[in-house]
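Me: Please take me through the structure shown below in a series of questions and answers.

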Amino acid sequence: MAEAILNFKGKPRFTAYSAGSHPSGEVRPEALSRLEAARLPTQGLRSKSWDEFAKPDAPKLDFVFTVCDNAAKEVCPVWPGQPMTAHWGVPDPATVQGSAQEVERAYREAFSILERRIGLFLSLPLSSIDKLALKREVDKIGQQ
């Protein structure tokens, strides 16, 4: 969901990619439904491994935000070009078991958190802020 939100709200300044350590091989239909409800484009979204972005021919990454709560406990790869990284933990809605309404609520809440944090990130004065201050700000966003 973060990829779709940032690609829509951050264009043309940003191109976002979402990936994980253990991709399922398909984008969750609940995530697609949430994006469609928010009228965000879903074409081209696919389940990806973060290994794709550690290869020499991968796109250059300026920022890496880990979002799943479990990601903070995993060993993350070394990212080429040493992008700025921050952990923006969000409860993983894919792990929620329960009624259809409970699952939908989990996706809605994750979407809301991501949308708010991405909005805060996009409001930062990226061209006029020094790297240390920027790092503090992106870390602070993950705590909100």
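The questions below go from the overall fold to single residues of this predicted model.

Me: What radius of gyration does the protein have, and why does it agree or disagree with that of a compact globule?
Reply: The C-alpha trace spans about 45 × 30 × 30 Å along its principal axes. For 144 residues, a compact globule would have a radius of gyration near 15 Å. The value for the protein agrees with this, because it is 15 Å.

Me: What share of the contacts between residues at least 6 apart in sequence join residues at least 24 apart?
Reply: A contact here requires heavy atoms within 4.5 Å. Among contacts in the protein between residues at least 6 apart in sequence, the share joining residues at least 24 apart is 58%.

Me: What percentage of the accessible surface belongs to carbon and sulfur atoms?
Reply: Buried residues make up 32% of the 144 residues. The accessible surface of the protein comes to about 9000 Å². Of this surface, the part belonging to carbon and sulfur atoms is 52%.

Me: How far apart are the mean positions of the positive and negative charges?
Reply: The protein has 19 positive and 18 negative charges.

Me: Is R34 buried or exposed?
Reply: R34 has its place in helix α2, which covers residues 29–37. Its relative accessible area is 17%. The cut-off for a buried residue is under 20%, so R34 is buried.

Me: Which residue has a side chain joined to that of R34 by a polar contact?
Reply: Leaving aside residues up to four places away in sequence, R34 touches M1, E104, Y107, R108 and F111. A polar contact of 2.6 Å joins the side chain of R34 to that of E104.

Me: Which residues does the cis peptide bond join?
Reply: P12 is found in the loop between α1 (2–9) and α2. At this cis peptide bond omega is about 0 degrees. The bond joins K11 and P12.

Me: Is R39 buried or exposed?
Reply: R39 lies in the loop between α2 and β1 (63–68). Although R39 is not a glycine, its phi is positive, at about 60 degrees. Because its relative accessible area is 74%, and the cut-off is over 50%, R39 is exposed.

Terms used: Residues are numbered from 1 along each chain as its sequence is written. This is a predicted model: local features need pLDDT of at least 70, side-chain atom pairs count only at pLDDT 80 or more; totals for chains, interfaces and linings use all residues. Side-chain values use heavy atoms; hydrogens and water are left out. Helices (H or I, at least four residues) and strands (E, at least two) are DSSP runs, numbered from the N terminus. Buried means under 20% relative accessible area, exposed over 50%, partly exposed in between (1.4 Å probe, protein chains only). A polar contact is a pair of N or O atoms within 3.5 Å; within protein, one must be able to donate a hydrogen and the other to accept it, and residues adjacent in sequence count only if both atoms are side-chain atoms. The radius of gyration is taken over C-alpha atoms; the globule rule is 2.2 Å times the number of residues to the power 0.38. Accessible areas come from the Shrake-Rupley method with a 1.4 Å probe; for residues, only the protein chains shown count as cover. Lys and Arg count as positive and Asp and Glu as negative; His and the chain ends are not counted. The place of a charge is taken as NZ of Lys, CZ of Arg, CG of Asp or CD of Glu.
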